[in-house]
Amino acid sequence: MRYFTPPRPSLRFVPVWRRNFLVWRKLAIPSMLGNLADPMLYMLGLGFGLGALLPDVAGVPYLTFLAAGTVAYSTMNSATFETLYSGFSRMHVQKTWDAILNTPLTLDDVLLGEWVWAASKALLSGLAILAIIWVLDLEASFWLSLWIIPVVILTGLCFAGMGLVMNAVSPNYDFFLYYFTLVITPMVLLCGVFYPVSQLPAALQMVSRFLPLSHAIDLVRPLVLGRLPEDILLHVLVLIAYGSVGFWLGLGLTRRRLLR
Amino acid sequence: MSVLKASGLIKRYGGVEVVAGVSLAVARGECFGLLGPNGAGKTTTLRLLLGLVEPDDGQIELLGEPVPRRARHARQRVGVVPQVDNLDPDFTVEENLLVYGRYFGLRDGEIRARIPGLLAFAGLAHRAEARIPTLSGGMKRRLTLARALVNDPELIFLDEPTTGLDPQARHLLWQGLRRLTSQGKTLILTTHFMEEAERLCDRLAIMDQGRIIAEGNPRALIAEHIEPFVVEIYGEEAGRWADAFGALLCRRVEKAGESVFCYTDDGEALLNNLRTQPALKVTHRPANLEDVFLKLTGRELRD
């Protein structure tokens, strides 16, 4: 149980973030294509293509409805990929974390750096979709839509924290497919990215309420549509809970994996 | 004066004592070797000393800091060359040093000022911009050593620093390590190359099954455990010869397959006898550390 003592954060995490940032800067173009262009293309393709066939959804054109969901979805994807595949490369394949642990940094610093880094990349992905929203003038109020930025930060931290748990227990890259098939894909389909949750059977709506992505979308969508979200505190607390429990558990499991 | 003191270290995994009561002390400026067969507990001992693993029992003081409690402060003044290569493959040689220096809280300007000296030390001045996958194994090891020096450490841990290197690369790395000891740095290295230990180390400890089973200066260890002369005898007839003459002419005889190792104080009578045995191949050499190692840890495979 001693592996699961509370995290001991310190500012030493900054060089870990900077290391990842330097790699990202060197590989920025392919990385941006994967993280930014992919969800953007889906949003525009489905939004215009499918949207032309559909009546207004939740009182707005389908593209607007979908754009709000895509902000959260893209943020989630980016945080998840970073902590799973990239994090696993650094931890297990390249042994970058082992190298860092021989310096004054502790594993707590490394994981904090990775957590904040994944959330930073996720922020970029969310902002890219938000920028499209602004360019296409989909938002009802620009000033209200600025509140989407803190929501994206919180959403990134939430899914990065969850991703660190999977990273800590994974024996190889293939393992992550379970997480995508059993957690991420159902979440995308149940949480109102592509259609309102109210279209689902009651039992699935119930499940949706427990999933963090629906809380992120419940915050983002009203902000795009020009309204203040309802139950703000609840949504924020759920995202914080998933993210911080995820980080703590991920840290504990990683300590057990590497510090023995 | 000790830069490292450990006493009564114990580490168990699943009920097995991987480190079973290790005590050691290393003086400033010394090169200390930790020898042992695979699985003897060398790497676990290093991880304990660095504060990466908590011991189940025992005390450690590294550069005056209690470990693991203040391990991070101790590691601030320590360099580590790990057994497995973990340079950053996405970075150039220079960037590897820069990024690593930041982990010690050094400012970029300070690190950049140190880089030319580190590259010169590693013989990589002409490869500053090279990416890691383009380097040879020896270059990577030298860069890993240079990286361990980025914080100007007082003490450097090296875990099997020359494993997998060709003789040229190994000798070059040894030169680097000697230069460090001549600058007054303390080195602690694990190895299973006896030649490496004999050349570099002022003092060494032989570990087996989690315990230190012998400790001292390499020459003294050889003198203490092994007769001055060793005669190796090979050939189909070697076994029969050993049965007939071994007890008579050698102080101690060991058989390993078709080889016979005969340890003696005076080789004269022995060699006279062997001259009459043309079927046998004979090598006559002084005792070395490998003889000590094999005597103490046995000839059985350890994997």
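A residue counts as buried here if 20 or more other C-beta atoms lie within 10 Å of its own. Keep that cut-off in mind for chain B. The model is predicted.

Start with the whole chain. Chain B has 303 residues, and 41% of them count as buried. Its C-alpha atoms fill a box of roughly 70 × 45 × 35 Å along the principal axes. Eleven helices and 14 strands make up its list of elements. Now look at contacts in chain B with a separation of 6 or more. Residues 24 or more positions apart account for 69% of them.

Next, find strand S8 of chain B, residues 186–191. How many of its six residues are buried? Six of the six are, so S8(B) is largely enclosed by the rest of the structure. In a regular strand the side chains alternate between the two faces of the sheet. Check both faces, then. On one side, Thr186(B), Ile188(B) and Thr190(B) are buried.

Which strands pair with S8(B)? One is strand S3 of chain B, residues 31–35, which runs parallel to S8(B) over five bridges. There, Leu35(B) stands opposite Thr191(B). Another is strand S7 of chain B, residues 155–159, also parallel to S8(B) and joined to it by five bridges. In that pair, Leu155(B) faces Thr186(B). To get from S7(B) to S8(B), the chain crosses through helix H6 of chain B, residues 167–182. This β-α-β crossover is right-handed.

Move on to an antiparallel sheet. Strands of a sheet pair through backbone hydrogen bonds, either parallel or antiparallel. Four strands of chain B form an open antiparallel sheet in the order S2-S1-S4-S5. Strands S2 (16–27) and S5 (65–67) of chain B stand at its edges. Each has a single partner strand, so one side of each is left without a neighbour in the sheet. Neighbouring strands of this sheet are turned by 20° against each other on average, direction ignored. Within the sheet, strand S1 of chain B, residues 2–13, pairs with S2(B) over nine bridges. Leu9(B) stands opposite Val22(B) in S2(B). Helix H1 of chain B, residues 42–49, lies across S1, S2, S4 and S5 of chain B. H1(B) runs at about 120° to S1(B).

A further open sheet of four strands in chain B has the order S12-S13-S11-S14, again with antiparallel pairing. Its edge strands are S12 (252–256) and S14 (281–286) of chain B, and each pairs on one side only. From one strand to the next, the twist averages 20°. Strand S11 of chain B, residues 229–234, is joined to S14(B) by six bridges. Here Tyr234(B) stands opposite Lys281(B). Helix H9 of chain B, residues 238–249, packs on this sheet. H9(B) touches S11, S12 and S13 of chain B, and its direction makes about 30° with that of S13(B).

Finally, turn to the partner chain. Here 18 residues of chain B are in contact with 20 residues of chain A. Helices H2 (71–75) and H3 (93–103) of chain B each supply at least two residues of the side that touches chain A. Which element gives the most to this side of chain B? H3(B) does, with four residues. By class, this side of chain B has ten nonpolar, two polar and six charged residues.

Technical notes
Residues are numbered from 1 along each chain as its sequence is written. Chains are lettered from A and ligands numbered from 1 in the order in which they are written. This is a predicted model: local features need pLDDT of at least 70, side-chain atom pairs count only at pLDDT 80 or more; totals for chains, interfaces and linings use all residues. A residue is buried if 20 or more other C-beta atoms lie within 10 Å of its own, exposed if 12 or fewer, and partly exposed in between; C-beta atoms are placed from the backbone. Two strands pair if DSSP finds at least two bridges between them. A crossover is right-handed if, with the strands pointing away from the viewer, the path from the first strand over the helix to the second runs clockwise. Two residues are in contact if their C-beta atoms, placed from the backbone, lie within 7 Å. Ala, Val, Leu, Ile, Met, Phe, Trp, Tyr, Cys and Pro count as nonpolar, Asp, Glu, Lys and Arg as charged, and the others, Gly among them, as polar. Axes are lines fitted to C-alpha atoms, for helices over the stretch in contact, and angles run from 0 to 180 degrees between N-to-C directions.
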